[in-house]
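Student: Could you take me through this structure feature by feature, giving the general idea before the particular case?

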Amino acid sequence: MNRFSVLYTLKKHHQHLTFNTRAEAEDALKKLSRHRRGVAIGIYDAKTELFFWEPNRQKKYSQLSFSEQAQEDNTMIAIVQNLRLQAEIASDENHVDLDIMLRPMPRLVHS
């Protein structure tokens, strides 16, 4: 799976898009913020397990106490990790189904 996830909400549900590079993720975050198809929240880096807030949200985040910031970070990271896990499981299930479909049928032996 790609290293970076852009977290956003659409119709009050968390969604994510994955990208190989941070530049691609930042570009997607800007597009989400401009087009209003979803509400951009931030970018998650799976390698470092850090969350980077969308610029407007970063201003509000910066005004929180350290404990509130930690709580917000942990919440966003847990949401993204859960979404990534769900996507990975779904991908694995699709791959297994395909594998089963490619196996030859066993021969039945009649006695």
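Tutor: Let us begin with a pair of strands: E1 and E2 run antiparallel and are joined by 7 bridges. Within this pairing Tyr8 has Gln15 in E2 as its bridge partner, while Leu7 is partnered by His16 of E2. The hairpin that E1 and E2 form has 2 residues between the strands, and Lys11 adopts a positive phi near 55° there. Please keep in mind throughout that this is a predicted model.

Student: Since the model is predicted, what is the mean pLDDT of the protein, and which element has the lowest mean?

Tutor: The general idea is one of caution: where pLDDT is low, the predicted coordinates should not be read in detail. In this case the average over the protein is 86, and 82% of the residues score at least 70. Among the elements, helix H3 (residues 66-102) has the lowest mean pLDDT, at 81, whereas strand E4 (residues 50-53) has the highest, at 96.

Student: How many helices and strands are there, and in which pattern do they follow one another along the sequence?

Tutor: The protein contains 3 helices and 4 strands, and read along the sequence they give the pattern β-β-α-β-β-α-α.

Student: How should I read the sheet, and what is the order of its strands?

Tutor: In general, strands of a sheet pair through backbone hydrogen bonds, either parallel or antiparallel. Here the 4 strands make an open sheet in the order E2-E1-E3-E4, with antiparallel pairing. Strand E2 (13-19) and E4 are the edge strands, each pairing on one side only. On average, neighbouring strands of this sheet are turned by 25° against each other, direction being ignored.

Student: How many bridges join E1 to E3, and how many join E3 to E4?

Tutor: E1 and E3, which run antiparallel, are joined by 6 bridges, and in this pairing Thr9 stands opposite Val39 in E3. E3 and E4 pair in the antiparallel sense over 4 bridges, with Ile43 standing opposite Phe52 in E4.

Student: Turning to burial, is E1 mostly covered or mostly open?

Tutor: Of the 111 residues of the protein, 27% count as buried. E1 is mostly covered, since 6 of its 7 residues are buried.

Student: Why does His16 count as buried, and which residues does His16 touch?

Tutor: The reasoning rests on a cut-off, because a residue is called buried when its relative accessible area is under 20%. His16, which lies in strand E2, has a relative accessibility of 17% and therefore counts as buried. Not counting residues up to four places away in sequence, His16 touches Ser5, Val6, Tyr8, Leu83, Arg84 and Ala87. With one of these, Ser5, the side chain of His16 also makes a side-chain polar contact of 3.3 Å.

Student: Finally, how is a pair of aromatic rings described, and how many aromatic pairs does the structure hold?

Tutor: A pair of aromatic rings is described by the distance of the centres and the angle of the planes. The structure holds 2 aromatic pairs. Phe51 and Trp53 form an edge-to-face pair, with 4.9 Å centre to centre and 80° between the planes. Both Phe51 and Trp53 are buried, and together with Tyr61 they form one aromatic cluster.

How values were computed. Residues numbered from 1 in each chain as written. Heavy atoms only, no water. pLDDT = per-residue confidence, 0-100. Pairing = 2+ DSSP bridges. Axes fitted to C-alpha atoms, helices over the stretch in contact; angles between N-to-C directions. Buried < 20%, exposed > 50% of the residue type's maximum accessible area, 1.4 Å probe, protein only. Polar contact = N/O pair within 3.5 Å; in protein donor to acceptor, adjacent residues only side chain to side chain. Contact = heavy atoms within 4.5 Å. Phe/Tyr/Trp six-rings, centres within 6.5 Å; stacked < 30°, edge-to-face > 60°.
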